[in-house]
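Please have the sequence and the 3D view open as you read.

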Amino acid sequence: MEDRKKQCIGLTVALAVIGVALLVTAFATDNWVTSSPYRAENASATRPDSNTGNSSFGLFNGQQSLDYGTAARDFDLKVACDASEAVCAYIFMRSDVKSKETKLQDLIADYKNSSSKASGTDYDQIDYGLFSFPLWLSVLIALSLAIVMGLVTVGFSIFNVFGRPIETITGPMGLYVWNALALFFTVLTLALFGALFGTQLAKNFMMFEDVMIGWKSEGRTDLAYSFYLVVGAAGAFLLNFILLCLSGQEMACSYSRSGEKEIDNGMILY
């Protein structure tokens, strides 16, 4: 019975390592979102013409290619944020953009003082490519905590396979707790980024001057593989939890007798 428990915990080590690897890969890659924006004949058109583009980006960086009718222009996308204004934007680093911070301030100023707003034109924050800084930051925090909890899960699982844990938090109860926390923060990452994508990025992530000349991305923007790596990590931590339940591990410390045995054998250091 004890061997079976050890084998199940050994499997949870492998799954936890896979989960952490998927989370780290998702954090480091720039393919959370892909899009095929197009430039309509005018800003109100719904049918794409010959001007098309391709975009892919992650939590910090990305790539974008837009064809303005002469040739495709390929430049980086970089996230710029202003905590005081609580907004971020993906800045298309064209040759006329001096810095992402300066461009973000220009977008914020245009949004606040735009004559189009004064004239009653229905442009909002999303049309300027601005999205929520608190929501973006929450994604980063949740993903970072998921990685940390995943690493803790790996460490304590290895300790339970090769060591003799006595304290409750390092024993079976700890395995449930750390796996549950890793799963919770992973699912929270999915929920937060899903909210950011669904409410803002899927509608528009492009800068306002591109929107004004007819570029559209709504309806042509999708979640990409980096996001689904996080889904895979959530599945790994969920399987871990199920394996612990099937192994017969109790949600309490079952190593007290081992501790008493060590005491009886005079193994206390003074």
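## About the model

This is a predicted model, in which local features need pLDDT of at least 70 and side-chain atom pairs count only at pLDDT 80 or more, while totals for chains, interfaces and linings use all residues. Residues are numbered from 1 along each chain as its sequence is written, and side-chain values use heavy atoms, with hydrogens and water left out.

Let us begin with strand β6, residues 87–92. Helices (H or I, at least four residues) and strands (E, at least two) are DSSP runs, numbered from the N terminus. Six of the six residues of β6 are buried, so the strand is largely enclosed by the rest of the structure. Here buried means under 20% relative accessible area, exposed means over 50%, and partly exposed is in between (1.4 Å probe, protein chains only).

In a regular strand, side chains alternate between the two faces of the sheet. In β6, Val87, Ala89 and Ile91 point one way, while Cys88, Tyr90 and Phe92 point the other way; all of them are buried.

## Partners of β6

Two strands pair if DSSP finds at least two bridges between them. Strand β5 (residues 72–82) pairs with β6 in the antiparallel sense over six bridges, and Lys78 stands opposite Ile91 of β6. The two strands form a hairpin with four residues between them, and Ala86 in the turn has a positive phi of about 60°.

Strand β7 (residues 130–132) also runs antiparallel to β6, joined to it by three bridges. Ser132 in β7 is the bridge partner of Val87.

## The disulfide

The structure holds one disulfide, a term for a pair of cysteine sulfur atoms within 2.5 Å. This disulfide joins Cys81 to Cys88, with an S to S distance of 2.1 Å. The torsion about the S-S bond is about 105°, so the disulfide is right-handed.

## A salt-bridge network

A salt bridge is a side-chain nitrogen of Lys or Arg within 4 Å of a carboxyl oxygen of Asp or Glu. By this rule the count comes to five salt bridges. Arg94, Asp96, Lys103, Glu209 and Asp210 are linked in a network of them. Arg94 is buried at 7% relative accessibility, and Asp96 is exposed at 53%. The closest N and O atoms of the Arg94 and Asp96 salt bridge are 3.5 Å apart.

Arg94 also forms a salt bridge with Glu209, where the closest N and O atoms are 3.1 Å apart. This pair links distant parts of the chain: Arg94 is in the loop between β6 and α2 (100–113), and Glu209 is in helix α6 (residues 208–212), 115 residues apart. Glu209 counts as partly exposed at 24% relative accessibility. Glu209 forms a salt bridge with Lys103 too, the closest N and O atoms being 2.5 Å apart. Glu209 lies in helix α6 and Lys103 in helix α2, so this pair ties together parts that are 106 residues apart in sequence. Lys103 is buried, with a relative accessible area of 15%.
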